Structures are given as structure tokens and as C-alpha cells.
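The report below examines selected local features and the packing of one protein model. Please keep the sequence and the coordinates in view while reading.

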Amino acid sequence: MPPRTRYLVALGLLLAAAGTGLVMYQRTQAEQLWGYLPLLLYLLLWGSIAAARLARADPATDRRFLLSTTSGLFLGLGFPGYLPFPFLLLLAWVPLLALQQDNRSTKTVFWHGFNTFLLYNILATFWVTNTAFAAGLFAVVANTLLMCIPWLAFHWTSRVSPRVSYLALVAFWLSFEHLHYHWSLNWPWLTLGNGFAQFPSLVQWYELTGVLGGSAWILVVNYLVLQWYRSPTRRRAPVTLLLAVILPLAGSLLRYLTYTPPPGETLTVSAIQPNLEPHYEKFSHDRARQVELFTALSLEALATTAGTLDYLLFPETSFGGVDETRPTSAPAFRALLDVLPPDRLHYLVSGYQGYYRFGPGEEVTAAVRYVPASDGSETALEALNGAAQLDLRTGEFQTYRKGVFVPGAESFPFRNTLFFLEPLVNSLGGSVAGMGTQALRTPFITENGVRIAPVICYESVFGEYFTGYIHEGAQAAFVLTNDGWWDDTAGHLQHLYLSSLRAIETRRAVVRSANMGACAFIDQRGHIVSRTFYGERGHLSGTIRLNDSITPYVRFGDIPARIALLLAAMALLSNLAHTLRRRSTLDAS
């Protein structure tokens with residue numbers, strides 16, 4: 001294609017992107033959601049920039065761009081949300097690795113790696129932009145750059161220690177994924193092992209390794225595919241490759257088909273889906289109408305359930321203004337407790353927005369906020385995203401505080417370092433102070449000793465963190481969430497599927513209550529037994545079986561990551577030593 005034509009294509013795509021941005025603005029003014037428009041906007045901008053950069057490219061550059069683009073497409077389309085075909089992930093790295101093998105230029109390897117990971121982030125997580133445009137754009141670009149760090153570390157290793165470079169790639173990538181769970185800017189959504197979440201029957205062995213074991217498997221299979229493709233005798237059957245693919249999948253299917261839940265008590269649960277749009281409806285001031293809606297849905301759930309309902313679940317942040325020390329005094333909970341029959345329902349579990357008021361002289365936390373009082377003094381408060389269990393028969397209650405916060409929306413990453421950005425964060429509606437939390441993942445406990453993990457939204461993404469509830473005795477899990485921020489896109493489906501992985505890792509049944517998105521009952525195999533769909537208002541009832549057994553993953557945690565961290569540190573030290581020796585030799589000569 002002549003350079004002039006490519007420039008015209010770039011201009012046309014840029015104009016189309018501008019038009020898409022205008023439509024998004026108009027929809028915002030009309031209080032309408034964007035849906036898949038951010039995906040279109042990002043792809044048009046990507047295509048425009050690519051066409052302009054490649055306008056005068058030679059055939060070799062075009063080929064490299066095709067390879068890196070293919071890897072990005074395979075990663076994005078292999079992730080849940082578009083095609084139910086995660087096997088693309090087993091091939092996705094091959095074009096990019098082939099490109100890297102043929103190019104020693106760090107600049108070339110970086111830019112094509114950036115292209116791959118940018119497409120991956122756009123296709124898999126564009127939907128974050130529906131929450132807020134700046135947040136979505138930052139998530140896509142920042143996470144792309146972060147992914148380039150282990151990629152460049154691998155390229156460095158391939159130049160100084162080529163014989164161990166692919167082992168180093170696995171170590172660097174798993175270390176990156178592990179660290180992405182454990183810092184202020186955490187965003188482990190795109191962990192490679194999550195890619196098979198839609199098909200729990202294929203990854204039952206996550207009860208041994210967790211999702212990071214899945215990431216290692218995906219990378220190893222990609223390496224074996226590359227080696228077979230580059231082999232001069234590749235007409236032979238790739239026995240090692242076939243075994244690496246077939247054995248884990250066959251073992252997983254066998255485990256899935258033969259798994260029998262350990263003997264345990266069963267509970268009857270109903271999850272409510274109020275379907276209140278969070279951008280323009282849920283947090284409006286018409287709270288009385290919302291309480292009426294919850295009441296009607298609750299009574300309907302009770303009317304359609306035979307016998308006594310053990311638990312009724314409400315989603316994340318169902319009600320606001322709740323004092324953590326006396327949640328039953330909140331108007332919404334008072335109204336519900338006056339109507340719900342204790343002879344038909346034992347426990348109500350609900351998410352809430354609340355606060356904790358520090359007493360005089362009480363030590364405050366880093367999340368403290370000072371609110372002016374009517375007498376001119378200030379009251380020290382913590383804002384909370386919490387959950388409460390209310391016993392309708394005794395009036396007793398238990399509360400839980402969310403422990404993992406969405407960066408930006410619920411927490412201010414690197415607050416002490418980036419203190420000068422506090423005015424900007426405040427002006428954008430973010431939270432400088434953050435929210436109050438708790439150290440332990442304490443389950444809710446019934447009068448009979450049943451222990452249920454109250455998992456709030458983002459917490460369900462973190463595998464090893466989730467095991468904290470099991471260490472505290474949780475026998476099943478309730479996930480309370482609000483997935484309506486992302487409109488009817490792949491985001492809410494991905495979040496649903498991730499709960500299946502938590503069920504496999506811990507062998508705990510999971511019940512989800514979603515404001516918007518999907519309520520679901522998930523058994524101990526990760527199988528979604530029943531679910532609601534986006535845009536539905538109603539309830540979902542069923543039974544779950546409790547489990548006290550401990551899986552190897554719960555017992556030992558992310559062992560693959562710990563091994564990877566050790567190997568990554570050894571590889572980096574070796575690279576540094578090789579580089580310093582080489583420079584010393586050059587200086588001496």
C-alpha cells in the first residue's frame with residue numbers, strides 16, 4: 001500500500017474516532033451508557049496511529065507488525081468475553097516470540113511488545129472506560145506499559161543468557177502477575193490463568209496451583225509450540241507438546257466428572273438482583289423507592305421458596321448512611337426488618353455504604369476523614385464499603401469491611417509519594433483518604449457455627465487473598481457485587497467467571513448477589529448451576545453445600561509465584577553480572 005494511501009487511512013480512522021468520541025459525549029449528556037463504544041474508539045485510534053507509523057515502513061516492519069498484532073488479537077479474543085475459545089491463549093505468544101527471536105534491537109522488541117499488550121488490554125478490558133473515561137484510558141495504557149517490563153527483562157536475558165531465556169520469561173511473567181496482586185495499583189484481572197475461567201471443567205487442577213499455575217502452563221505450551229514450529233523436523237508428531245496440552249486437560253475433566261463434595265450441611269439461599277443502574281439511578285436520592293423495591297423482591301423470593309430461607313442476600317452498597325456500630329438503626333434496615341418474617345427467613349446479608357465514628361481520644365487510622373459538626377467542632381470518621389449479617393430472630397448483627405479496593409475509585413495509590421496530586425483526586429471525585437478496612441478475612445458466623453465468607457466485589461479477583469476466608473473457617477462464600485458500572489459488556493461476565501475459579505481453588509460453593517450483572521449459584525467444581533442475566537430484575541434461589549476440607553492451594557498458596565520470584569531474582573542478578581563483565585572487558589580492551 002503506497003504511503004499516501006496509508007496516511008489517508010490514518011486520517012479516515014482518526015476522523016471516525018472523533019465521531020465516536022462525539023457520540024459518547026452526546027450519550028453522556030443524555031445520561032445514556034456507552035456500551036461497546038469505548039472499544040470502537042480505542043481500536044480506531046490504534047488503527048490510525050498504526051497506519052501513520054507504518055506509512056513508509058519496509059516489508060520487514062510490516063511483517064513484524066503483523067506478528068505482534070496477531071499475538072494481541074489472540075490474547076484479547078482468547079480471554080473470556082468474545083469467543084468461547086481460550087485455546088487461542090496457547091498460541092497467542094508464538095508470533096511475538098518468533099518476532100523477538102529474529103530481532104536483537106531492544107527498541108524494536110519493545111514497540112512490538114507494546115503493540116501486542118495494548119491490543120490485549122483494549123480487547124479484554126476496554127469496558128473499564130464505562131466507569132470513567134480517564135480511569136479506563138489509564139488502565140489500558142498503564143497496564144500495557146507494566147506488561148512491557150517482564151517482556152523487556154526476558155529480551156535482556158535472551159541476549160546475555162539465551163539458554164535460560166524462556167525459563168526466565170515464565171519466571172518474569174509470573175512474578176509480574178503475582179506482584180500485581182500485592183501493590184497499591186493492583187490490577188490482576190488479565191492474569192493469563194484467568195483466561196480459562198469460562199470453562200471450569202478444564203482447570204480443576206487450580207485446586208493445586210491456583211490461577212498462576214495456569215499462567216505458567218500457558219507460557220510453557222506457547223514455548224513448545226514455538227520450538228515445534230521452528231524445528232526443521234516439525235513434520236514429526238510433537239509428542240511433548242501434545243502431552244503438555246492433553247494431560248492437564250484430561251486430568252481436569254476426569255476430576256470434574258468424578259468430584260464428589262464432602263459430606264456437609266446444606267443451606268437454602270436467595271440472592272436479590274435489584275437492577276439499579278449505578279451511574280444515574282442507584283445512588284440517587286430516591287432511597288425510599290429503592291427500599292420498597294428491595295422489600296418487594298425479598299417478599300417475592302420468600303413466597304416462591306418452600307420452607308424456611310436460611311439466607312437472603314443483597315448486593316454491594318445496597319444502602320447508604322449505615323453506622324457500623326449499629327446497622328439495624330439505619331432507616332433502610334429498620335424498614336426491612338419490620339416487614340421480613342423471621343419465621344420464614346433467618347439471616348439477611350447485605351452490602352452497605354457506611355461509616356465508623358472514632359470516639360474521643362481513640363486512635364485514628366490512615367483512612368480518617370474529619371467532618372464539621374454542628375457545634376463547630378470536627379468529627380473523625382472512616383468511610384466503609386461493608387457488609388452486614390442481621391439475625392432476624394435475635395436482632396444480633398455482624399459486620400465486615402472490604403479489604404481490597406479499586407485503585408482510584410476507592411483508594412489513592414501511593415498516597416504518601418503522590419501527595420501533591422490530592423487536589424486533583426478530590427476534584428475528580430476520587431478518594432484521598434480511602435476507606436477503612438480490617439486485617440483478617442473474618443466470616444459471618446451463625447448460631448449453629450456455620451461460617452460464610454462475605455466477599456465484596458473486587459475481593460473475588462484475588463485468589464490467595466480469598467483463601468484468607470478459608471483459613472478463618474469459611475465453609476462457603478457469598479460474593480456481593482455491583483457490575484453495572486461497565487454496562488452490558490464483557491466485564492460483568494468476566495467477573496462472574498472469576499468466581500468459578502475461586503470455587504475451584506478452595507472447593508467452596510459460591511453464591512453471587514449482583515445489583516446489575518449476574519446473580520449465580522456456583523458449586524464446588526466451579527460449575528455455574530444457575531444464574532440471572534444482565535438487565536434482569538428479580539431473585540435467584542437455590543441450595544449450597546458447605547465444605548470444611550482444605551485444598552493444597554489453600555494450604556500452600558501461590559507456590560508457582562514464589563518459585564518464579566526466586567528464579568526471576570537469580571536471572572536478573574545473572575544478567576547484571578554478565579553485563580558488568582562484558583563492559584569491564586570492553587573497557588580493558
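N275 is buried, with a relative accessible area of 13%, where buried means under 20% relative accessible area, exposed over 50% and partly exposed in between, using a 1.4 Å probe and protein chains only. This residue lies in the loop between strand 1 (266-273) and helix 11 (278-282), and its phi is near 60°, a positive value in a residue other than glycine. Helices (H or I, at least four residues) and strands (E, at least two) are DSSP runs numbered from the N terminus.

C457, which is not a glycine either, has a positive phi of about 50° and is found in the loop between strand 9 (451-456) and helix 15 (463-471). At 9% relative accessibility, C457 counts as buried.

## Basis of the model

The model is predicted, so that local features need pLDDT of at least 70 and side-chain atom pairs count only at pLDDT 80 or more, whereas totals for chains, interfaces and linings use all residues. Residues are numbered from 1 along each chain as its sequence is written, and side-chain values use heavy atoms, with hydrogens and water left out.

## Surroundings of W93 and S71

Leaving aside neighbours within four places in sequence, W93 is in contact (heavy atoms within 4.5 Å) with residues including S71, L75, F117, W151 and N222. S71 itself belongs to helix 3 (residues 59-78) and is buried, with a relative accessible area of 0%; its side chain reaches the backbone oxygen of A92 at 2.6 Å.

An open sheet of six strands has the order 8-9-10-11-12-13, with mixed pairing, two strands being paired if DSSP finds at least two bridges between them. The edge strands, strand 8 (444-445) and strand 13 (528-531), each pair on one side only. Strand 10 (residues 476-481) and strand 11 (residues 510-514) pair in the parallel sense over five bridges, and the bridge partner of A477 in strand 11 is V510.

Notes
Polar contact = N/O pair within 3.5 Å; in protein donor to acceptor, adjacent residues only side chain to side chain.
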